[in-house]
Amino acid sequence: MGDVSEPIKKCILILKNARSDTEKFAALFMVTKLVKSKDCNSTAKKALFEAIGFQFLKKLLTSNSVEDDCPPSVYKSVALSVLTNFCNEPELATHPEMLANIPVFLDIVQTSDNDDYDDNLIIISEAYTCLQCIAEHETGQRALIDVGAIKKMSEIYSHQSFQTDEALNILVKLVSRYGPAAWGSDPKPFHALVNKIALDFATDQSERKFELATVLSALLYSCNKSTVLPGSSDETWPQSIYKALHDILTSKIGKNQRDPALKLAANIVDLLGIEWTFNDEENPKKFFLLLLQLCAIEVRMQLEDRSFKQAFANGELVTACFIVLELSINYMATDQLDLEQKEKQSVYTSLKGAFNAVVSLLTKVSNDKNKDKLPEAEKIFVGAMVRVLFAWIAQETTAMREQIYALLPFMFSLANDSFHAYRSRKLAEKNKSEGEPLDDNSGLMGQIDLLRLMLPALCHLAVEDKARDIMFNLKQEDILYEAMNFHWSIVHYKKPPIPKSERGKARTQPEPELDPKLLEDMKDSRAAMVSLCNIFMNLTVLAPKIVDNSMLFNTLLKFIFNNLPELKDIPENLVLHGHLAVLGLLLFKQQANKVKKNDFSICRYIQSTIRFLWDAYNVDESNDPTALVVSMSYKEHWNEIADLWFLGMQTMSGVLTIVPWISEFAIESGWAGGIIEMLVKVKIGTLAPNVKSAFEDFLCRLVDSNESVIPVLKKAGALKMCRNHRLMDLGKKLFGD
């Protein structure tokens, strides 16, 4: 204790030699003065803390007995006065004894609306100070979460007790650190709290309104989407926030008011969807268009003629605007919004201005010699620019082409890094044991798969000669194939094996349902694989020479041969089934010389492909037994797979010409005869020309490749079919002139 001053040493001695609680309590008045002196360093505070002993302080905090006419509030006040001074030291704020007594501090602040405390509000204030000091440190935050501080702080604000903003600040700190996991699985505390804050936000007309906007942003950003969303339409907070933001953004405001409002708008549309902006029954488009314009203007203001460092300084605001732009573009692409021509022109002009600014800044970054050494936070901001730009490219297929081509190598490099980091994180999650820590310490780049978000735009870019050349020069198809494998591992989820000790036993429990998060991941990975199939189809059709000589595309064909037959036959997989089947046919046609007839995987692949093409049409499910209709199971997805079916039929015909032995599958499976039997039933003059020519062309190629099919077709009723539907070319092949 060499660096402890004499007065403090003397005080420590008195505390240690105290023969009763009364003597120790008297010595505490000395402590409250000493801890505020400049001589009281960290070592001295720690020595004093240990000399007092936390048990004694706890006794003062929890005592309700009145001794020597001294009310309990005096004991509490002295104990808290001492503790607030000790809490400034990180070592003491996170001391196990201090953390073990968080419930005591919470009890004090929770009873702050009781009459007992009206005369001594300083006690509550000091209890809050202790809690705030504890919440500054990770171990303190963890301890607060463990004792249910989130729920308690929510209740305090909802009941409007004294110093509720302190409770709110602690709560925001905790949920910002731990995210959705901090809220648990019960959404009621979240809704109760946000209903109250949103009401205050809507009715408060002071500067506090904008502080509450920041608080609401943090709470919405951190909430547990899966539990909050289902019941959100029954709560008042979405409407309260709409009213408040509408009032703010339609008023004359400065930057200090506009910035938190735009950030909050981004968080709520990210949570509830862009449809939340259509809350005005009289003019539902008005607020949507206003918000879109404001965000587009803000992006231009923050990015135009700025250096990257200047733009990054306002990165949080710009990223919020990007969220609104991306969600708006994606929503407008669904054609659910009926915009007048003038409105369309205004929206397009605003967006083009914003994306010119994005492209200009990205170009500066891509030309910087230090672009590969960006700190992670700056890299994330660049990733946000790339993400929103690709949302625009997916819909706008002509603007700024040369600048975008020049940026592609840089954007691919960033997206590939992001994909690899994301994949590593997902694999680590998959392999981790249960009971791991609440938080995730993987890098920020691993939180979002940028390559996944680029896929819809890459479908368009793969059609453009210059972009396709860049993709091949960068060998981007290799990474796309890695992505195909990764998403397949999610779509083709296999349940963990049953332990040996449990095998053979009768099941007493029903099969557990799959985790909703896993189902959501599977849905997203299906969509990713469909986009990847479309990209590979475009590359295969438009760059046949490259594909013909590519080992990668041969590997991709084997991937389809092996995996398509393994794809579960469930409605959710139908669109993916069709895409894999038709991509396989296109590749098969290109790489026919590399395929061996005795490869068993081909047999299973062809059977799966025939099943997709065969099941699309029938007469059995029609109200009219003479009408050909799209099958019920295909109807829901027909917009997505109609063109695919026709391409599949056409490509199958092409494959038969090059690989005639495939015809055996069409004959032996009964498909060839089945087509005739189906079309014979169809009423004359009702067969759609495109469907008629698809079937006729296929059957003609089938006859050319294998004459043994002729008697099969005749037996099934080919003569009647050819006459009814005037299939002249097929008739000539089967019956001559």
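Mentor: Start with burial. A residue is called buried when its relative accessible area is under 20%. By that cut-off, buried residues make up 52% of the 737 residues in the protein chain. Keep in mind that this is a predicted model.

Trainee: What makes V78 count as buried?

Mentor: Its relative accessibility is 9%. The limit is under 20%. So V78 counts as buried.

Trainee: Where does V78 lie, and which residues does V78 touch?

Mentor: V78 lies in helix α5, residues 72–86. Leaving out residues up to four places away in sequence, V78 touches F25, L28 and F29. A contact needs heavy atoms within 4.5 Å. Take F29: 49 residues separate V78 and F29 in sequence, yet their C-alpha atoms are 7.6 Å apart.

Trainee: How many contacts across the protein chain join residues at least 24 apart?

Mentor: Count contacts between residues at least 6 apart in sequence. Of these, 76% join residues at least 24 apart.

Trainee: What is the secondary structure of the protein chain?

Mentor: It comes to 39 helices and two strands. Helix α10 covers residues 138–146, and its buried residues are G140, Q141, A143, L144 and I145.

Trainee: What covers the buried residues of α10?

Mentor: The cover includes α7 (96–100), α8 (102–110), α9 (121–135), α11 (149–158) and α12 (164–178). Just after α10, G148 takes a positive phi of about 80°.

Trainee: Why is a space called a cavity rather than a pocket?

Mentor: A 1.4 Å probe fits in a cavity but cannot get out, whereas a pocket is open. The structure holds one cavity of 30 Å³ or more. About 30 Å³ of space lies in the largest cavity.

Trainee: Which residues line the largest cavity?

Mentor: The lining is W183, G184, S185, D186, P187, F190, N224, T227 and V228.

Trainee: How do the lining residues divide by type?

Mentor: There are four nonpolar, four polar and one charged. Asp counts as charged, so D186 is the charged residue in that lining.

Definitions and conventions. Residues numbered from 1 in each chain as written. Predicted model: local features only at pLDDT ≥ 70, side-chain atom pairs only at ≥ 80, totals over all residues. Heavy atoms only, no water. 1 Å grid on protein atoms, 1.4 Å probe; cavity = no way out; pocket = protein on both sides within 12 Å on 5 of 7 lines; lining within 4 Å. Points joined across faces, edges and corners; volume = space filled by probe spheres on them. Helix = DSSP H or I, 4+ residues; strand = E, 2+ residues; numbered from the N terminus. Buried < 20%, exposed > 50% of the residue type's maximum accessible area, 1.4 Å probe, protein only.
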